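Load the model and keep the sequence beside it. The tour goes from the whole chain down to single residues.

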Amino acid sequence: MRRNLESMIKTAAKHTIADLVIKNGRIIDVFNLEIIEEDLAIKDGMIVGIGDYEGVEVVDARGAFICPGLIDGHVHMESSMIHPFYFTRTILSHGVTTIITDPHEIANVSGINGIQFMFDATEDVPVDVFFMLPSCVPATSFEHNGATIQATDLEPFYSHERVIGLAEVMDFPAVRDTDENMIAKIAQAVKHNKKIDGHGAGLAAADLNIYASAKIKTDHECVTPQEAKERIRRGMYVMMREGSVAKDVKALLPLVNEKNARRFLFCTDDKHLDDLVIEGSIDHNIRIAIGEGLDPLIAIQIATLNAAECFSLSDRGAIAPGYRADFLFIEDLEKFTIKDIFKDGVKMENKSSMSLPHHISDNVLGSVKLATLTSNDIELKVSEDRPCNIIEIIPNSLVTRHITEIAPVKQGKFVPSVARDLLKLSVIERHKQTGNIGLGIVKGFKIKNGAIASTVAHDSHNIVSVGTNDEDMLVAVRTLEEMQGGLVVVKNGKVLAKLALQISGLMASSPTESVLHSLKELHQALHLLGSQTTFNPFVALSFLSLPVIPALKLTDTGLFDVTRFNHIDIQ
């Protein structure tokens, strides 16, 4: 360390020559929100000077803007459905050089083995991966997942240099009621001087007082400017999220101004691979913000310096001496078009097609274990003269509506109605062969014939399926069991398309291009089912079993009213 420090100081003082000098670039100063037209000197992967320097290697930026590497403040890598080795290469191509990740999804399936897998899988990747340890495994006590993680299980991970905190605390009642296990996890993070992320979906202002008193400093669940303002008033950071379902950046931007912009950062949270490739990652958030009229330099500050300071990552987030040489060449600032990407002072090349170098432990394989399943098990008994509690999806939103309607019934059993867009929804426990099955009615998928099913079902990741008939739903579920996880589309008893996700039923081991091809086939198959195109049905399906997001959801133990935080009957 001392030798490296001396080397940097000598180079900054021009006593020795720099490793790399960038000339003719326009440096984005995220501190003053200005543009600097001077040389940039780099030594040992660190920025050592702005001014007139000589270097062993000289790169002509040709007038490009030099922007700090982007930081994703909260992301679940598992939601991309690809191995972290491929995920990091995908986001690097979009200018993201640092992420703060929460392995909450795989932990709910495979416990501490899943967390360890994510650490191992990110040891040698081109992006800096920092971890927030899962706080809620299981997410709630109202469903069944694959593991339970207590504070004692998390303790060994706090010695890891890439662990920076405790991830999204989503069980608000446990915090409010000072649940022993939850308080132990929060106190543990405080003891280690680590950060704590929040998950304040639907929380009132008074509830935020409780959150803030528990030293929870961030929230990525704001959907209105007023919600964001209440959090900022209490000293919290607001993450403006743009994922595959939750798209909140446009809604929150009206609150952002020069007075409060430093309390915002960007995140993706959950984003599918095809959306990452087509839209981008944090670069997409920046383009949305600029398109909505935000000053490009403020948008970049939010995506870099703000995120770094929020998580006390003091060596990144800016183009300045003493900071890591993670930066981008931006050709058009308004369109935020990325030309070149440098990580630790080295220009990155696209190597997304590289073969997976990691052995996948058996601990995260073979995670789909079902009890014997028959058609009788998914019959939904209802009365024909009483309204049913129904989940209505809101396109491109995690939030659902709780509606009531008289459902079509035959011989005392619910019969899906394509005409009324009322389909059957099932959540089947797949971790410990309990035989638990939750059944419900959902409106909004507009599927005309067939069924879809997935083992990606936040947060417990049981098997979730929706369909127009029981036969296709059963074929879909049994196909997932055979594949040991994944996504599948079925019509008239035939599998039209599928994607195997062998790693905890959440991620594929195959390369990015192969997964993209399978996703394309799945989307084509969805059209054959008559599904609409205004939202991704698989993404919407994956959040219908999440009982911490309003208003009505379905778990393996039945319908769950999130506003009242208890189970309810179908009628």
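Predicted model: local features only at pLDDT ≥ 70, side-chain atom pairs only at ≥ 80, totals over all residues.

The protein holds 15 helices and 31 strands. How does its radius of gyration compare with that of a compact globule? For 571 residues, such a globule would come out near 25 Å. The protein has 24 Å, so the two agree. Along its principal axes, the C-alpha trace spans about 90 × 45 × 45 Å.

Next, the packing. Of the 571 residues, 61% are buried. Take the contacts with a separation of 6 or more: 69% of them link residues 24 or more positions apart.

Now the charges. The protein carries 56 positive and 75 negative side chains. The centres of these two sets lie 2 Å apart.

On to the cysteines. A disulfide is a covalent bond between the sulfur atoms of two cysteines. How many disulfides does the model contain? The count is zero, with sulfur pairs required to lie within 2.5 Å. Cysteine 136 is in no disulfide, and the nearest cysteine sulfur, in cysteine 267, is 17 Å away. Is cysteine 136 buried or exposed? Its relative accessibility is 2%, so cysteine 136 counts as buried. For cysteine 222, the closest cysteine sulfur also belongs to cysteine 267. That distance is 10 Å, too far for a bond. Cysteine 222 is buried as well, because its relative accessibility is 1%.

The backbone deserves a look too. Another cis peptide bond links proline 550 and alanine 551, with omega about 0°. Here alanine 551 lies in the loop between α15 (537-542) and β29 (552-555).

Finally, check phi. Glutamine 411 is not a glycine, yet its phi is positive, near 55°. Glutamine 411 falls in the loop between β21 (409-410) and β22 (413-414). Its relative accessible area is 71%, so glutamine 411 is exposed. Glutamine 484 also has a positive phi, about 60°, without being a glycine. Where does glutamine 484 lie? Its place is the loop between α13 (470-483) and β27 (486-491).

Technical notes. Residues numbered from 1 in each chain as written. Heavy atoms only, no water. Helix = DSSP H or I, 4+ residues; strand = E, 2+ residues; numbered from the N terminus. Rg over C-alpha atoms; globule rule 2.2 N^0.38 Å. Buried < 20%, exposed > 50% of the residue type's maximum accessible area, 1.4 Å probe, protein only. Contact = heavy atoms within 4.5 Å. Lys, Arg positive; Asp, Glu negative; His and termini not counted. Charge placed at Lys NZ, Arg CZ, Asp CG, Glu CD.
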